[in-house]
Amino acid sequence: MNKRVVWLYPLVLVFLSLPFLFMHVTALPQKMLTDALPEDGEVKDWVKHRAMQHYEGDDLYEYINGGAEIYHEYGFVQVAVQDYISDAGKSVSVEIFQMASPSSAYGIYTFKTDSKGKRIRLGTEAQLADYYMNFWKGPMLVTLTGFDETEETCQGLLDIANKISANMKRGGDRPSLAYLLPEEDLVDQSLKYFTGILGLRNSHPFFYLDIAGFEQGIKGDYTGGFGLFIFRFGDDSECQKGFDRMEGQKDRKGRRFFFATHQEYLLLVLGEIDHQQAQNIFDSTRKKIRS
Amino acid sequence: MIFPKGKVRIHYRRDFMDKKIGRREFFKQGAKIGFSAAIGYGVTSPFVKGKGLPLGEENVDIAVAKGSDYYASTIKAVECFGGMKKFVPKGSRVAILPNSQSRHPGSFTKPEVIQAVVEMCKKAGAKEVNCLTWLTPENWEASGLDVAVKEGGANLKFVEAEETNFKTVPVQGWKAHKEVMIMKEFYNNDVFIDMPITKDHAGNKFTGTLKNLMGLNYRPNNRLFHRDDWKTNPESIEFLDQCIVDLNKVVKPTLCVVDATEFITTNGPFGPGTLTKPQKIVVGVDRVAIDAYCTTLWGLTGGDIYAIKLGFEQGLGEIDLKKVGIKEIKA
């Protein structure tokens, strides 16, 4: 054999294997999602139905036509969609959204849930509504939809969700901002975390024009009939600008509101509340920020 | 995503009209807008052809039928508004635009509603009924609406999302979007029935007759309704609403049949979300009035939704429901 040619063999091999290597590398992120999906036989009475769909980045517009923006605002990475069908012909759709971080997953979770849903123990936080459920764990948000409200379908949702949660190994915590709301009289599951104006506007549609420029925000409802918003700005001066913009503003529904600052935080209460109560809740919040 | 650079330009002005008009004046203006839009893009569109807007029965601007049988409610509501014959001439070709955005409950126009409309059109003497969409067949299959359309006797026409299948149309009196790109297939029809499901929308809070028309517009052109800075600039949401209104200046439905039977009030437009079940079918021609009415079904008002407010201010319809003749019947 020609010695000059032999040394080329490893190079040719490497070259030929490049496409396979590339395929493997690009499939890795998708594998994170597919590994979480239960295989046939893993959930009693339920099997996979139809091929899995996968979308990443801007492809999300292909899947959620007209509604992908909110996912992007929170930091969308990719989604896998898989249907399951039961022996009795019931069906459940599973969507596993990988978000940029646990905070992102928590944010879109709070966007998609409300205080009326039933809290269940699953993942980091989970909620069951009439015919669907959401849970988040690590950077993942999982939405399961049944197509009716029968007991069998709801049980299927829970069984499949439990298996998915068990298959997900990565955990994560809520953003620190979520811990700044005073707990006393806070309505369970009323928290909304936002990172942009779409989330904020959906959390409170009649009051959004005046708070542009914040980096993160959290809102909680209180049993007294008011909501507390905490906005974090890049620094104290940005926050002060936000504060200045608030002066002279009116709520579009004519409701009363109070606002104050603390370091880079802008605090705002809106609803059934008087000046003294507002002062008290601002003090409690400031104490939490300091601690 | 590739945008048709050079084809579509965006302009934005904040000098929105602030003139409020009465019902009578609105209908006059509506007819004028329709006519000027028609001559503007050189098509003698039968949707707007000098007739002005059909007014329905005397004092009935919006007909609402309530009942658990959605097929029957649809027929009753249309009859209450004067019957399909009033809007669909014999031998005409009818385009319908239902919403098939997602398969989640309360996020797409119900099959019974579509079937009822298609059958009424056929009965009125329509030569053909064409359900137009640039969504994929998989999308229609998933919602089950492909079967409903076909069983009703309509053609489900998939328009490939390629620029050549869309016609660039200048917007007369535009405020934010100078040109839109409407599917060419649309212009092969004589009558247009707008058939949205009313529901929540994460972008501008509400979907109804006005926003549904984005289903006729070229998708990359729709994407231009969202400005680059929409994540940080609240005015970009207003921009989206103004683009929707501009689109509605080009296309004027002959009739609107809105599914307000069961729909999502959270997590729209895709869902899943909280379902509310008013069990209503809403029929009319005044898009602003219909959308304003539908907002009240879930605790909002027309004034809460920027697109509706802008539509009123720019002469597309009446926002004040006290000035609108609403007839509600049980089906």
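Where is the place of Y222(A)? I looked it up and found Y222(A) in strand β9 of chain A. I took strands as DSSP runs of E of at least two residues and helices as runs of H or I of at least four, numbered from the N terminus.

**Model and numbering.** I am working on a predicted model, where local features need pLDDT of at least 70, side-chain atom pairs count only at pLDDT 80 or more, and totals for chains, interfaces and linings use all residues. Residues are numbered from 1 along each chain as its sequence is written, with chains lettered from A and ligands numbered from 1 in the order in which they are written.

**Y222(A).** Is Y222(A) buried or exposed? I noted Y222(A) as buried, because 21 C-beta neighbours lie inside 10 Å. The cut-offs are 20 or more other C-beta atoms within 10 Å for buried, 12 or fewer for exposed, and partly exposed in between, with C-beta atoms placed from the backbone. Leaving out residues up to four places away in sequence, I listed D185(A), L186(A), V187(A), G227(A) and L228(A) as touching Y222(A). Contact here means C-beta atoms, placed from the backbone, within 7 Å. I also checked H49(A), which is 173 residues from Y222(A) in sequence and 43 Å away in space, C-alpha to C-alpha.

**The sheet.** I traced an open sheet of 5 strands in chain A, with antiparallel pairing and the order β8-β9-β10-β12-β11. β8 (192-194) and β11 (257-262) of chain A stand at the edges with a single partner strand each, so one side of each has no neighbour in the sheet. Pairing requires at least two bridges between two strands in DSSP. Between β8(A) and β9 (residues 216-222) of chain A I found 3 bridges, in the antiparallel sense. K192(A) has K219(A) in β9(A) as its bridge partner.

**Domains of chain A.** I recorded domain 1 as 29-167 and domain 2 as 176-290, the bounds coming from an automatic or database domain assignment. Their C-alpha centres lie 30 Å apart. The contact takes 13 residues from domain 1 and 14 residues from domain 2 of chain A. On the domain 1 side, α4 and α5 (102-112) of chain A are the elements that give two or more residues.

**Chains A and B.** I noted 27 residues from chain A and 25 residues from chain B in the contact. Elements giving two or more residues on the chain A side are α4 (69-74), β7 (140-146) and α7 (197-203). The largest share, 4 residues, comes from α7(A).

Note on methods: Two residues are in contact if their C-beta atoms, placed from the backbone, lie within 7 Å.
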